[in-house]
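Hello,

Here is the structure I promised to pass on. Please open it first, then read my notes below.

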Amino acid sequence: MAHSLAAAASFSPPAARRRPPSQVTNAISSRGLVSFNSQRMSFVSIRSRPSQLRFKICCSAKKETVDKVCMIVKSQLALPDGTTVTGESKFSELGADSLDTVEIVMGLEEEFNITVDETSAQDIATVQDAANLIEKLVLEKAA
Amino acid sequence: MAAVAPTRAEVLSLFRSLLRTARQFSDYNIREYTRRRAADAFRENRALSDAPAAAAAFVDGKKQLEVAKRQAVVYSLYAPKAKNIMEMKLQ
């Protein structure tokens, strides 16, 4: 998904890049620059860029956020070391009741120095939900 | 006075308020005690099925919240300067 966004961001209008077909082959040598010559004498260049941090905002939360959340959940619920906690784990599956969920959200508030309001806290069902909400609040706070 | 059992959302909201108030204490011991006591009390009363008992427990919880809020203000006037050893990171 980040790739397609990068492509959309660097899409150049065909009129500006119009070249006769004979010179197209010379343009392909640069790393990462791919041009397709269609029959219509105009080509589209798709440049692939390594995905930068700003494109990740619309995707799900960063891995270290998810890991931190997993760690807090594990310590709060006192899960034995062997249990795997992933982004998709639901709190109810891990044996947490609603009181545990409130405590976990409190722990996350302290860890990330954010404030979660009541309504958002009700919607948190999985680790991924929590991580996404945290990311959103951290961004809002920094802005 | 008709005893209306508190809704789930109210109970969780009270719990959240208690935990938030606990955070305001500067003393580590009192902070931890408030958290522990709140969690224990709510967990213990989880299974209360009849409405009057649940309502009574809820009112009791609200009173304790008021106590905690007042005490947080009083304790902050006399906050210790040194950090409690439990709060220091392991070196």
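What percentage of the 91 residues of chain B count as buried? The figure is 26%. Please keep in mind that this is a predicted model.

Confidence first. The model scores ipTM 0.83 and pTM 0.68. For chain B, the mean pLDDT is 88. In that chain, 98% of the residues reach 70 or more.

Chain B

Chain B has three helices and zero strands. Along the sequence the pattern reads α-α-α. Now take the contacts in chain B with a separation of 6 or more: 75% of them join residues 24 or more positions apart.

One residue to look at is B:A54. You will find B:A54 in helix α3 of chain B, which spans residues 51-77. Its relative accessibility is 17%, and the cut-off for buried is under 20%, so B:A54 counts as buried. Setting aside neighbours within four places in sequence, B:A54 is in contact with B:A5, B:P6 and B:L48. Take B:P6 from that list. B:A54 and B:P6 are 48 residues apart in sequence. In space, their C-alpha atoms are 7.1 Å apart.

Chain A

Start with α2(A) and α3(A). Their axes come within 10 Å and cross at roughly 135°. That angle lies between 115 and 145 degrees, so α2(A) is oblique to α3(A). The crossing is right-handed. On the α2(A) side, the contact is made by A:T65, A:K68, A:V69, A:I72, A:V73, A:Q76 and A:L77. On the α3(A) side, the residues are A:D100, A:E103, A:I104, A:G107, A:L108, A:E111 and A:F112. By class, the residues of this contact divide into seven nonpolar, three polar and four charged.

A:T65 counts as buried, at 7% relative accessibility. Leaving aside neighbours within four places in sequence, A:T65 is in contact with A:F112, A:A131, A:I134 and A:E135. A:F112 also belongs to the α3(A) side of the helix contact.

Next, the loop between α2 (63-77) and α3 of chain A. A:S89 is found there. Is A:S89 buried or exposed? A:S89 is buried, with a relative accessible area of 8%. Not counting residues up to four places away in sequence, A:S89 touches A:T84, A:L94, A:A125, A:T126 and A:V127.

Between the chains

Here helix α3 of chain A (residues 98-112) meets helix α2 of chain B (residues 28-44). Their axes come within 10 Å and cross at roughly 160°. The cut-off for roughly antiparallel is over 145 degrees, and therefore α3(A) and α2(B) are roughly antiparallel to each other. The crossing of α3(A) and α2(B) is right-handed.

Which residues meet in α3(A) and α2(B)? From α3(A) come A:L99, A:D100, A:E103 and A:E110. From α2(B) come B:R35, B:A39, B:F42 and B:R43. By class, this contact has three nonpolar, no polar and five charged residues.

One last link. A:D100 and A:E103 are in the contact of α3(A) with α2(B). A:D100 and A:E103 are also in the contact of α2(A) with α3(A).

Best wishes

How values were computed. Residues numbered from 1 in each chain as written. Chains lettered and ligands numbered in written order. Predicted model: local features only at pLDDT ≥ 70, side-chain atom pairs only at ≥ 80, totals over all residues. Heavy atoms only, no water. Axes fitted to C-alpha atoms, helices over the stretch in contact; angles between N-to-C directions. Helix = DSSP H or I, 4+ residues; strand = E, 2+ residues; numbered from the N terminus. Parallel < 35°, antiparallel > 145°, perpendicular 65-115°, else oblique. Left-handed = near helix turned anticlockwise from the far one by under 90°. Contact = heavy atoms within 4.5 Å. Nonpolar A, V, L, I, M, F, W, Y, C, P; charged D, E, K, R; others polar. Buried < 20%, exposed > 50% of the residue type's maximum accessible area, 1.4 Å probe, protein only. pLDDT = per-residue confidence, 0-100.
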